[in-house]
Amino acid sequence: MAYSQEVLARFRNFFIEIGELSFFAHRYFKEVFSPPFEFKELLRQCYQIGNKSLLLVGVTGFILGLVFTLQSRPTLMQFGAESWMPSMVSISIVREIGPVITALICAGRIGSGIGAELGSMRVTEQIDAMEVSGTNPFKYLVITRITAATLMLPILVIFGDAIALIGSAIVENLKGAVSYQLYFGKVFNALHFNDLIPATIKTFFFGFAIGLVGCYKGYFCKKGTVGVGEASNAAVVYSSMLLFIIDFIAVFVTDIFFEI
Amino acid sequence: MSGIKNSSSQNFRLGVFVVLGTLILISALYFIGKRQNLFSNTITLYAEFKNLNGLQLGNNVRHAGINVGVVNKILMINDSRIVVGMSIQEDLSQHIKQNAIATIGSDGLVGNMLINIIPQSGDGTIVKSGDTIRTYSRIGADDMLTTLNVTNENAALLTADLLKLTTKILNGKGTLGMLINDSLVAKDLKKTMNNLKLASAQASQVLRETNAAFKTIQSNNSVINTIAFDTVSGTQIKNLLANLDESSMKIKQMSTDLTNYFEQLKDADGVLNYLTNDASVVRSIDSTLFYIKEGTYKFNQSMEALQHNFLLRGYFKKQERLKEKKE
Amino acid sequence: MKHEINTDPVLQIDSLVKSFGNNRVLNGFNLKLYEGENLVVMGKSGSGKSVMIKCLVGLMHADSGTITIRGKDITMMRPQELDILRTEIGFLFQGSALYDSMTVRENLEFPLRRHKERLRIRESNINLVKEALENVGLSEAIDLMPAELSGGMKRRVALARALILKPKIILYDEPTTGLDPITAKEIIELMRTIQKKYSTSSLIITHDVDCARVISNKIILLINGVNYIEGTYKQLVQSTDPLVKAFFK
């Protein structure tokens, strides 16, 4: 009896959460285009989210490309199809692995960062202080962060993709004696607009999801330091889940509009 | 002060980050687009095929081994006519002449299908947009190769039989003595000899013609040539030519031997007694003759097929014209 | 130290009700703050003091009751009007609430961002910041980050921030919590100095009896969501009511 009630309550909470998140997103779109615009803070957040994540994304991307190529080599060699390596690696990185891995890393870094920052600002009444100071904290804190994440993630993904391909090219160059020119020639031969454009468009949604969930969790953080931890943790978990759902939808939509 | 400086250097770095990222994206889009000839001026050429063998939109088009464009249109007119549109880079199209031939090939064993535009010798005007160029279907060549192969096998079989026979006769182990006693057999033998001579002459004539034909083809810059450079078919044809050469030589050699031998038989009566009464020799000679006949017939047939093949039509027409001139 | 110059209160709360779920925190609370007065509201933790003060600046919305500041009812106000009114009120938060990501200077400049033009303040930001920091005796801390400050310094910077627009009413939410007695005394002294210098009216929420003793003109005891008893410090100390006695020991 108690158990079923608990399950029911969890279901209820889940839908409440979804509803609140939708309302939060709605509020974002309602306020993002109305003045005053916190442009300076937006730039600051872009710097925090974009530049500060570049190293992490770069290192991850490089290792990803390196390892992916190293692991695929033996299999392709069995078929004598090493020459297909650049096409295979580039298509899988540009279409799927690059955006998803970069977004997951950013969910970890940016999402938790935003969740913890806004959470602690909520707990220490900084958000209240802002409101009392005549600045709309939703505009100043939430809109700038969500917008910055939405704008920066695609760029981070592009860097991640490029660095991953460089890593892959290095392996091919050392192990397979493929020149860089040949490697990238083959990469661009294999890639089509259909690979690059939908993948780039979906990263905007990834960025939006990371920013949205992080801000939502932080903005409505429960009191106390435990609340901050929960907010930052939940931001990562929920945004990662949301990323996969978006990716799933994106693949469907891409299939319809671009005929992969 | 430090705050302002700090934020301006942050903004600078942010600017670099954004500009660099956008540049990478734009250049990636540019390079992809360039590969698909979206930004350079292109012309369109058409070619009609019976069978595309899995050719798809976006497959490469090569001219003399260089990528010059992509397949951008496939139009099925009816069950045996498919028109393929190719967008060719304008600067590279200046070297394609109107007499060039398009064939469908593949890029390695597991590679994509592609269209090869093969330049032909001789002067031709440069193609312009909208032109249709000639095609050559690989299936024709395959048929031809099969026929030639059968001919070759028959010729080889025949040669082997004849060789065995002549060896026996030359060694003096045989039944020719019996042949002399039996007038019927002698008559048969004479007839056979005549037939053999005729057949040999025919065979060598045919072989000479084929040889000559292939030699011309080889020296000529025609499609066969490119096939020869191409893949398996090249080695096949080369082997075939070599075999044909060899067989014709052997047949010639053998018929000379035979003629000499029978002349000796006529002059020297005594030797005939050594011939045994073995009828199997006669049967074997008979069957040999049959093989030779059949071989010649088949050879003629394949020559006919060759004559009808458009690749070689040019050569035979030339031959006919030469004949007419002589007459 | 009693001076009731004006008959009209600058701030008035009438029968304020606020509940969270089934928990009715405020149940008809009344309050009048006169100009130049230091009014202390005391109560146990969770008695609704902070809720009341947040309702005063529109951070929370009351279920019923009216809040009148300088003759205007804020419960019906639109956000823009509320913003204008907020410039006349300084708010010192419980935990100082300095913005962690900004320097002291940026913290002080923050209220100026939106309000400066509206209030037609001609002075440059830097002068205003310097003046505010001088008032709290922390001029040297201008370029430090909040994390580099001690608790007492944070509280002073927060006070400087609350004063930067020279408000007429200052709300103090537990100004001495989390501070050692000596620092707490310093802060209380500072509050008195500032009150004299700018002749502000103050509403102070605290459970610190010392603070109430030093600064209050009048004390309201908030128990069970209503004003349990009102009076000067002396009056309340002499009260025989066991609940009041429990407070002042």
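Colleague: At which residues of chain B does UniProt place the feature "transmembrane region"?

Modeller: This is a predicted model, in which local features need pLDDT of at least 70, side-chain atom pairs count only at pLDDT 80 or more, and totals for chains, interfaces and linings use all residues. Residues are numbered from 1 along each chain as its sequence is written, chains are lettered from A and ligands numbered from 1 in the order in which they are written, and side-chain values use heavy atoms, leaving out hydrogens and water. UniProt positions follow the numbering used here, feature names are shortened, and annotations may be inferred rather than shown by experiment. In chain B, the unreviewed entry places this feature at residues 12-32.

Colleague: How many Å apart are the end C-alpha atoms of residues 12-32 of chain B?

Modeller: Helices are DSSP runs of H or I with at least four residues, strands are runs of E with at least two, and both are numbered from the N terminus. The span is 100% helix and 0% strand. Its end C-alpha atoms are separated by 30 Å.

Colleague: What area is buried between chain B and chain A?

Modeller: Counting heavy atoms within 4.5 Å as a contact, 21 residues of chain B touch 24 residues of chain A. Buried area is the accessible area (1.4 Å probe) that two parts lose on being put together, summed over both. Carbon and sulfur atoms give 75% of the area buried here, which comes to about 2200 Å².

Colleague: How many salt bridges does the rule find across the interface of chain B and chain A?

Modeller: The rule requires a side-chain nitrogen of Lys or Arg within 4 Å of a carboxyl oxygen of Asp or Glu. Across the interface of chain B and chain A, the number found is zero.

Colleague: Which peptide bond is cis, with omega of about 0°?

Modeller: Most peptide bonds are trans. A:Pro36, found in the loop between helix 1 (2-32) and helix 2 (39-78) of chain A, takes part in a cis bond. With omega of about 0°, this bond joins A:Pro35 and A:Pro36.

Colleague: Which residue has a positive phi although it is not a glycine?

Modeller: Most residues other than glycine have a negative phi. The residue in question lies in the loop between strand 4 (64-69) and strand 5 (72-73) of chain C. With a phi of about 50°, this residue is C:Arg70.
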